[in-house]
Amino acid sequence: MSDETRNNILQIGRVPEKVMRRSVFSQLKVRRPEVLIHIGVGEDCSAIEAGENEAFVFTVDPMAGITEDIGKIAFQIAANDVAASGAKTIGMLVDIALPVGSTEEELRRIVRDIGVLSEHYNVEILGGHTQVTDAVNRPLVSITGVGKTDRESLFASSGLSPGDELVVTKWIGLEGTAILASEKMEELKKKLPADLVKRAARFSEQMNVMSESEVAKEVGVSAMHDVTEGGIFGALWEMGVASGVGFEVDIKKIPIRQETIEICEIFDINPYMLMSSGSMLIGTPKGNLLVDMLESAGIHAAVIGYVIEGADRIVRNGDEKRYLEPPNGDELYKAIGGA
């Protein structure tokens, strides 16, 4: 294998930004006038005008079966992306690919979990596709979320402006921590208190950000972004690139649970680059007011920094200062693959 071929091999996880620009975005040239939010770095949703003052929002998210909660997590991720656009999820299309040897009970569990959340949030399952294939070696659930909103409540990740404050809701790393605690529970119990591991596994119950979106719209925001693969560092980078701005954040102000810290230490991974569905990154000119409103609604939140002109994306830790780099995969894959 030549060095050039080796350097072009893609790693597990989200495809890097430079590859997306070079091999994906550059080949997609059509821009229709009905489309309000176009494909781009940091944009998890597209939006299409619907009527005089309405918009339909669309997103698609795959979830590979590294946890028995694959149906729940796939649903939440799609719903969260729609919520981050300011829309309300009204329906989903569900595609399930199962490996050879899967049982009907496994399929039933995945659909049951999706169905329970569908009823809870009044989201209709519009259709989809289910198959068994030798193209996958573990379940793969891909959900297309469909949302609807008025034009004034539609937000893109590209809406940040210098002077905006950056707010993070709940705690980072909830998704990755829950997956690790569930998949590696017995191993973790040998090194950490059992009650800590069990609490961490239940973080999956906190992964929805629809309430954050509703509160944020009342206060007034510039942009919202669901913190998913690549963690908070990845979300910050994507919002900065999408908006063409820089930022300065204080790592000590980023909310994180002790369970996440301890589990990440066991696997020697960076919690700030760990899957974080359940946490929303919000840009707003009214950071402290938004935090107060979120706290009043029972949602923990913190102002972690502010937006600046230019392209410097700075993370401070006391007197130390570092410049954020483009995300390169998620730390979860290191722990699942190497533990």
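**Close-up 1. The second largest pocket holds about 370 Å³ of space.** A pocket here is an open set of points on a 1 Å grid over the protein atoms alone, where a 1.4 Å probe fits, with protein on both sides within 12 Å along at least five of seven lines; its volume is the space filled by probe spheres set on the points, which are joined across faces, edges and corners. This is a predicted model, in which local features need pLDDT of at least 70 and side-chain atom pairs pLDDT 80 or more, while totals for chains, interfaces and linings use all residues. Residues are numbered from 1 along each chain as its sequence is written, and side-chain values use heavy atoms, leaving out hydrogens and water. Nineteen residues line this pocket, and Ile 9, Leu 10, Gln 11, Pro 16 and Asn 328 are the closest to its centre; a lining residue has an atom within 4 Å of a point. Helices α2 and α12 (331-338) each give two or more residues to this lining (helices are DSSP runs of H or I with at least four residues, strands runs of E with at least two, numbered from the N terminus).

**Close-up 2. The largest pocket has a volume of about 1,100 Å³.** Among its 40 lining residues, Arg 14, Asp 44, Asp 61, Pro 62 and Glu 229 are the closest to the centre. Strand β3 gives the most to this lining, with seven residues. By class, the lining has 20 nonpolar, nine polar and eleven charged residues (Ala, Val, Leu, Ile, Met, Phe, Trp, Tyr, Cys and Pro count as nonpolar, Asp, Glu, Lys and Arg as charged, the others, Gly among them, as polar).

**Close-up 3. Two aromatic pairs turn up in a search of the whole structure.** Phe 75 and Tyr 121 are stacked, because their ring centres are 6.2 Å apart and their planes at 25° (rings of Phe, Tyr and Trp, its six-membered ring, pair with centres within 6.5 Å; planes under 30 degrees apart are stacked, over 60 edge-to-face, the rest tilted). Phe 75 is buried at 0% relative accessibility, whereas Tyr 121 is partly exposed at 22% (buried means under 20% relative accessible area, exposed over 50%, partly exposed in between, with a 1.4 Å probe and protein chains only).

**Close-up 4. Phe 233 and Tyr 272 also stack, with centres 5.6 Å apart and planes at 20°.** Both residues are buried.

**Close-up 5. Arg 257 lies over the face of Trp 171, 5.1 Å from the ring centre.** Such a charge has NZ of Lys or CZ of Arg within 6 Å of the ring centre and within 35 degrees of the ring normal.
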